[in-house]
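Work through the exercises below with the sequence and the model at hand. Each task is followed by a solution in steps.

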Amino acid sequence: MAYIQSVYPIVRKKNLAKNVYDFTISCPPIAAEAVPGQFVHVKVAGFQLRRPISICGIDKEKGTIRIVFEIRGEGTEKIAKLNEGELIDILGPLGHGYTVLPEGKKVVVIGGGIGVPPLLQTAAQYGENATAIIGFRNAAAVILKEDFEKNGNHVILCTDDGTAGRHGFVTAALEELLEKETPDLICACGPMPMLRIVAGIAEKKGIECEISLEERMACGVGACLGCACKTRKSDGTEGYSHVCKNGPVFNSKEVVF
């Protein structure tokens, strides 16, 4: 597909937690093409490389997308200083998103920290047939819980220190949930150690699983080798794939951890 690049107005800005920002951007051409799990590449004035940010929400009727990101360096700090009414230069939608199953199928989305935002639009496709297991360091870091609930999703909140929701890791909550029910698909996004455990649980239970990987990206369209990750083909041989183009979402069985 052709990539769309232009400057678009920020129509809403919110500060969700310390160093975590939420932008709604009016970009009808991108919103029309976007699917859950994809990302956009944001240009930052004064920096050569764009910053990849996952798409958190898509409103095709209003022609908007939503991005939620954390300040992790000078580039994202500069993006966070943009305000409502200002223009933001984005390229997208990019990458391969999550599979959207037919109506009536049940899905579990599981995310940790800033890996939670790209799962919101995925869970929105399933309403009450989706369970969202979301984990954060503590109560102050919790974001988007109410947004999942507005989707009609069942939400299981976990925190590392027990200051909100369950005390413990999202992977323990997943194992407990799978003792009671078997979803048709698990969609995960978060730190690599978490993804490795989720993939192992899914394989043990015989449940299809898709994971979104995070790698440093340069071009965002598969032209460079900056975001190569080791993957396994159907015949068992190993090679490398581009997270930006072949991913960021992969079948968990493809990824060599």
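**Exercise 1.** In this predicted model, find which strands helix α5 lies across, and give its direction relative to β8.

Solution. Step 1: α5 lies across β7, β8, β9, β10 and β11. Step 2: its angle to β8 is about 155°.

**Exercise 2.** Determine which residues of α5 are buried and how they are arranged around the axis of the helix.

Solution. Step 1: α5 covers residues 170-178, and its buried residues are V170, T171, A173, L174, L177 and L178. Step 2: viewed down the axis of α5, these buried residues fall within an arc of 155°, so they line one face of the helix. Step 3: the cover over them includes β7 (107-112), β8 (130-136), β9 (154-159), β10 (166-167), β11 (185-189) and α6 (192-205).

**Exercise 3.** Give the strand order of the open sheet of 7 strands and name its edge strands.

Solution. Step 1: the order reads β10-β9-β8-β7-β11-β12-β15, and the pairing is mixed. Step 2: β10 and β15 (249-251) each pair on one side only, which makes them the edge strands. Step 3: as one example of pairing, β8 and β9 run in the parallel sense over 6 bridges. I134 stands opposite L157 in β9. Step 4: α6 lies across β7, β11 and β12 (209-212), at about 170° to β11.

**Exercise 4.** Describe the aromatic pair of F23 and F69.

Solution. Step 1: the structure holds 2 aromatic pairs. Step 2: F23 and F69 form an edge-to-face pair, with 5.3 Å centre to centre and 85° between the planes. Step 3: F23 belongs to strand β2 (residues 20-26) and F69 to strand β5 (residues 64-70), so the pair links distant parts of the chain, 46 residues apart. Step 4: F23 and F69 are both buried. Step 5: ring pairs join Y21, F23 and F69 into a cluster.

Note on methods
Residues numbered from 1 in each chain as written. Predicted model: local features only at pLDDT ≥ 70, side-chain atom pairs only at ≥ 80, totals over all residues. Heavy atoms only, no water. Buried < 20%, exposed > 50% of the residue type's maximum accessible area, 1.4 Å probe, protein only. Helix = DSSP H or I, 4+ residues; strand = E, 2+ residues; numbered from the N terminus. Arc of directions from axis to C-beta. Contact = heavy atoms within 4.5 Å. Phe/Tyr/Trp six-rings, centres within 6.5 Å; stacked < 30°, edge-to-face > 60°. Pairing = 2+ DSSP bridges. Axes fitted to C-alpha atoms, helices over the stretch in contact; angles between N-to-C directions.
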